[in-house]
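I opened a new model today and went through its fold. My notes follow in the order I looked things up.

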Amino acid sequence: TVTVEYRIVNAEATGRAHTQDNLNLLRQIQLLYREGNPDPADLADLKDEIAANMNLRPDEGRLFLYWRRAPGNNQSPLLPLQLIVPGAPVMDGGDLKYAEAVANSNSAWYLISFGLTESGARKFGKVTEANVDNRMAILWGDRVISDPNINEPIYSTQAQITGQFTQAEASEIAGVIKE
């Protein structure tokens, strides 16, 4: 079963991931996925090489692939387009009650509206209070599907993820959050 987790992004370690050598390795990973059914051992070797290149320590978090469609092309395949290093899980899918894509009344874009359980709201409040101006990675299994910025502490049982999401993008993210 694929699980949903929420982790705070280690911005410093993530920044170290984006060297030309590592971006070339990411292109190799993309090619393996484009060719279909990549060997997990080949993927693990490439990710291990990236982590070694950036001297990633276990206490900094784990290297994940950020999956997206090509910007501006909702028909493009989902592929790992970025490297990201989030820390340990701070929440999981059991902390949320619902998620849905909603038209943003303040812009032409869509947002993701979500509801938290009572205990999830308490966790979310503590996490957002301690991490204002940091990003929170939303993981679906081993794939990062979004990493919204935490703009302020959120103590409510209802919240939103805003950004420049098309309806399809917002629906995909909401679908994962609902898992």
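I count a residue as buried when its relative accessible area is under 20%. The model is predicted. By that cut-off, 42% of the 179 residues of the chain are buried.

**Overall layout.** I listed the secondary structure and got five helices and nine strands. Read from the N terminus, the order is β-α-α-α-β-β-β-β-β-α-β-β-β-α. I then checked the radius of gyration. For the chain this is 16 Å, close to the 16 Å from the globule rule for 179 residues, so the chain is as compact as a globular protein of that length. The C-alpha trace spans about 40 × 40 × 30 Å along its principal axes. I also looked at contacts with a separation of 6 or more: 65% of them link residues 24 or more positions apart.

**The six-stranded sheet.** I traced an open sheet with mixed pairing, in the order E3-E2-E8-E7-E1-E4. Which strands stand at the edges? They are E3 (79-84) and E4 (86-92); each has a single partner strand, so one side of each lacks a neighbour in the sheet. From one strand to the next, the twist averages 45°.

I took a look at one pairing inside this sheet. E2 (residues 64-68) and E8 run parallel and are joined by two bridges. Here Leu65 sits opposite Arg143 of E8.

**Helices on the sheet.** I found H2 (residues 20-35) packed on the sheet, in touch with E2, E3 and E8. Its direction makes about 150° with that of E3. H4 (residues 118-130) lies across E1, E4 and E7, and runs at about 150° to E4.

I turned next to E5 and E6. These strands run antiparallel, with seven bridges between them. Ala99 has Phe114 in E6 as its bridge partner.

**Helix H5.** I finished with H5 (residues 167-178). Its twelve residues reach 16 Å from first C-alpha to last, close to the 16 Å expected at 1.5 Å a residue. Which residues of H5 are buried? I noted Ala170, Ile173, Ala174, Val176 and Ile177. Why do they lie on the same side of H5? They do so because they cover an arc of only 160° around the axis. What covers these buried residues includes strands E1 (4-9), E5 (96-103), E6 (110-116), E7 (136-140), E8 (143-146) and E9 (158-165).

Technical notes: Residues numbered from 1 in each chain as written. Predicted model: local features only at pLDDT ≥ 70, side-chain atom pairs only at ≥ 80, totals over all residues. Heavy atoms only, no water. Helix = DSSP H or I, 4+ residues; strand = E, 2+ residues; numbered from the N terminus. Expected span 1.5 Å × (residues − 1). Buried < 20%, exposed > 50% of the residue type's maximum accessible area, 1.4 Å probe, protein only. Arc of directions from axis to C-beta. Contact = heavy atoms within 4.5 Å. Pairing = 2+ DSSP bridges. Axes fitted to C-alpha atoms, helices over the stretch in contact; angles between N-to-C directions. Rg over C-alpha atoms; globule rule 2.2 N^0.38 Å.
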